[in-house]
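Me: I'm new to reading protein structures and would like to learn by looking at one. Could you go through it with me, feature by feature?

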Amino acid sequence: MTDNPETIAYAEERLYILATSYFLCGIMDTLSSAMRGMGKSTTAMVVSLSGSCILRIIWLGTVFRFLWTDISAIYAIYPISWAVTILIYLVLYFPTLRATERRINGDGAKDFQS
């Protein structure tokens, strides 16, 4: 534990940003699992890797380095990257869902029968 008020203030800011937006991480993980369940595991991996890793590295190299150099910029990238990843998943999810339904209800039904 620390009694340093500056450290406590940073911890409070991090807790506020992450605790109020952590539900986005759950939505992102749910969409990722749904894509995997529909047989698109590589797509889910690429989207998650891009949104959760590559976007954050780009953020640190650009926004944090030149525009927003406060520690809150590092805290803020978590909910931002979750939201961007969710948007990408939503763009991909519905067409994948329709294709999966067609595959199950149409010619692909025999693939699921024993």
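Me: Let me start with a single residue. In which helix does Ile88 lie?

Reply: Good place to begin, and keep in mind that this is a predicted model. Ile88 lies in helix α5.

Me: Is Ile88 buried, partly exposed or exposed?

Reply: The general idea is that buried means under 20% relative accessible area, exposed means over 50%, and partly exposed is in between. Ile88 has a relative accessible area of 33%, so this residue is partly exposed.

Me: What does Ser81 touch, if I leave out residues up to four places away in sequence?

Reply: Here a contact means heavy atoms within 4.5 Å. Under that rule, Ser81 touches Gly51, Leu55 and Arg56.

Me: And what about Thr85: where does it lie, and is it buried or exposed?

Reply: Thr85 is another residue in helix α5. With a relative accessible area of 0%, Thr85 is buried. Leaving out residues up to four places away in sequence, its contacts are Met28, Val47, Ser48, Gly51 and Ser52.

Me: Let me follow one of those contacts. Which residues does Met28 touch?

Reply: With the sequence neighbours up to four places away set aside, Met28 touches Ser52, Trp82, Thr85, Ile86 and Tyr89.

Me: How do I read a nonpolar core, and which residues of the largest one touch the most other members?

Reply: Think of a core as a set of buried nonpolar residues joined through their side chains. The largest one here has 13 residues, and those touching the most other members are Met28, Leu31, Met35, Trp82, Ile86, Tyr89 and Tyr93. At least two residues of this core come from each of α2 (23-37), α3 (41-61) and α5. The largest share is that of α2, with five residues.

Me: Now the cysteines. How many disulfides does the structure hold?

Reply: A disulfide needs two cysteine sulfur atoms within 2.5 Å. The structure holds zero disulfides. For Cys25, the nearest cysteine sulfur is that of Cys53, 12 Å away, and Cys25 is in no disulfide.

Me: Are Cys25 and Cys53 buried, partly exposed or exposed?

Reply: Cys25 counts as buried because its relative accessibility is 11%. Cys53 has a relative accessible area of 36%, so Cys53 is partly exposed.

Me: How should I compare distance along the chain with distance in space? Take Phe64 and Thr43.

Reply: Count the residues between the two positions, then look at the gap between their C-alpha atoms. Phe64 and Thr43 are 21 residues apart in sequence, and their C-alpha atoms are 29 Å apart in space. You can find Phe64 in helix α4, residues 63-67.

Me: Which residues does Phe64 touch, again leaving out those up to four places away in sequence?

Reply: Phe64 touches Trp59, Thr69, Asp70, Ala73 and Ile74. At 23% relative accessibility, Phe64 counts as partly exposed.

Terms used:
Residues numbered from 1 in each chain as written. Predicted model: local features only at pLDDT ≥ 70, side-chain atom pairs only at ≥ 80, totals over all residues. Heavy atoms only, no water. Helix = DSSP H or I, 4+ residues; strand = E, 2+ residues; numbered from the N terminus. Buried < 20%, exposed > 50% of the residue type's maximum accessible area, 1.4 Å probe, protein only. Core = buried A, V, L, I, M, F, W, Y, C linked by side-chain atoms within 4.5 Å.
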